[in-house]
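Take your time and turn the view as you go.

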Amino acid sequence: MALTGLQIYKLLPQTNCKECGFPTCLAFAMKLAQKGTELEKCPYVSEDAKTALDAASAPPIKLVTVGSGERAFEIGNETVLFRHEKTFYHQPGLVVRVKSDDPQLAEKAASAAAYGLERVGMQLRLDGLAVQQSGGDAAAYAAAVAAARAAAPGLPIILATGDAAAADAALAGGAAAEKPLLWGADAGNWQAMAGVAKKHACPLVISAEGGDLGGLVDLSENVRGAGVEDLVLDPGTASLNADLSAFTQLRRLALKKGTRALGLPIIADAGAPTWQQELVRATQAIAKYAGIVVLDHAEPGALYSLLTLRQNIYTDPQKPIQVDPKMYEVGNVTAESPLLITTNFSLTYFSVSGEVEGSGVPAWLLVADCDGQSVLTAWAAGKLDAEKIAKSVKDSGIGNKLTHKKLVIPGHVAGLSGEVEEELPGWQIMVGPRDAVDIPSYLKTVWPAA
Ligand code: SF4
């Protein structure tokens, strides 16, 4: 639990020497409680106080890194229960599971590594591959892991096995350098699995059965006592209800009760008999509160939905995704090409530019600086008005490049057309469609007739 300023003050030397840059120890303590300064600024803190303060200032949910190199991903370090309270920081890794004896293991691994899409200017992709031991001995498992790594170089791996010898063999076979996540420690084998995790400095999943959170606390304390700190929780639930209940309790216990043993990211096994059932489980897990979501089906349509959902949830609601406000040329524009204006909210820009591109009619697309808000939101907030539109047009210098003086404004702000005409003397203001999807027909029918 975070300490209050007064609790921190009691741990300080209380000499008011000012070396930290604050007039008193109390002022320093108050600032530290607000996370506005660092403990290192006070050179006189005792080791005992440092330990107590370090523990209190540790994030309520530990940050754990899976993998190494460019595709490594971080999970945990979340601070709120609800995204609207602040934001969520570390999006859950989406991981595809393959069985070690699957004849198509290499093919599936390569496919997971290559899968990706672009949405609102961002590259979305899968984060890892879980190799589940299925039959075979330790050597066979190590060979399967090596094959997966060769087929998907750089893609973080989860070693899904409760056989410590198999995990050790896979790690000794070269996987250790890539810091894979070990997934298979439970109440029966935790000593052996913790030993392997410690030996190879890898993070470790600890698993309970049927949502037994008390069992997870015991495991967490035991494994941390054995020297492995980078842990991930698997509550071992197997239904939507049980997932939701366990994941929510874990998050609340970590954030609201300061239960350090459970202040760890969660792995969600979303596997289900059909891809549709899996999609529902994974959707819930992304919203509440998985750090990793494991999928069996890798159905492309489902992956697209999950990546999109994850992107939407793990963006800061206070900082809309924006594009640069400037003139964009969509297609091979000429002086006769239509001129449209929109706002710099990414989703708006990519919707409009995508429809213009799809229409086959090259167009100038002027993007006004509206603090990353969509057309209606910007209009309602007073960030998209006649003055802003006119200024954007004038600043762009587009008037000198066109043989016409026609500007298409979004249909949602049709009411501004008269005012814009007043602000832009000599220009004809045309009202475009309300929805981007109607832009192609507008450019092919209304624009040529104007
Ligand atoms: Fe107090 Fe330490 Fe700051 Fe000195 S440096 S005033 S002892 S908090």
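The report below goes from domains to sheet, then to a few side chains.

## Ground rules and domains

This is a predicted model, in which local features need pLDDT of at least 70, side-chain atom pairs count only at pLDDT 80 or more, and totals for chains, interfaces and linings use all residues. Residues are numbered from 1 along each chain as its sequence is written, and side-chain values use heavy atoms, with hydrogens and water left out.

The chain is divided into domain 1 (5–57), domain 2 (64–313) and domain 3 (327–449); such bounds come from an automatic or database domain assignment. Taken over C-alpha atoms, the centres of domain 1 and domain 2 are 37 Å apart.

## The parallel sheet

Follow the order S10-S9-S8-S7-S6-S3-S12-S11 and you trace an open sheet of 8 strands with parallel pairing. Strands (E, at least two residues) and helices (H or I, at least four) are DSSP runs numbered from the N terminus, and two strands pair if DSSP finds at least two bridges between them. S10 (231–234) and S11 (267–269) are the edge strands, each with a single partner, so one side of each has no neighbour in the sheet.

Inside the sheet, S7 (residues 157–160) and S8 (residues 181–185) pair in the parallel sense over 3 bridges, with Ala160 opposite Trp183 in S8. Helix H7 (residues 190–200) lies across S8 and S9 (204–207), at about 170 degrees to S8. Such angles run from 0 to 180 degrees between N-to-C directions, with axes fitted to C-alpha atoms, for helices over the stretch in contact; contact means heavy atoms within 4.5 Å.

## A buried arginine

Look for Arg281 in helix H10 (residues 275–287). Arg281 is buried, with a relative accessible area of 9%; buried means under 20%, exposed over 50%, and partly exposed in between (1.4 Å probe, protein chains only). Leaving aside residues up to four places away in sequence, the contacts of Arg281 include Thr237, Asp243 and Asp269.

## An aromatic cluster

The structure holds 5 aromatic pairs. Rings of Phe, Tyr and Trp (its six-membered ring) pair if their centres lie within 6.5 Å, and planes under 30 degrees apart count as stacked, over 60 as edge-to-face and the rest as tilted. Phe88 and Tyr289 make an edge-to-face pair, at 6.5 Å centre to centre and 65 degrees between the planes. Both Phe88 and Tyr289 are buried. Phe88 also forms a tilted pair with Tyr314, at 5.4 Å and 50 degrees. Together, Phe88, Tyr289 and Tyr314 form one aromatic cluster.
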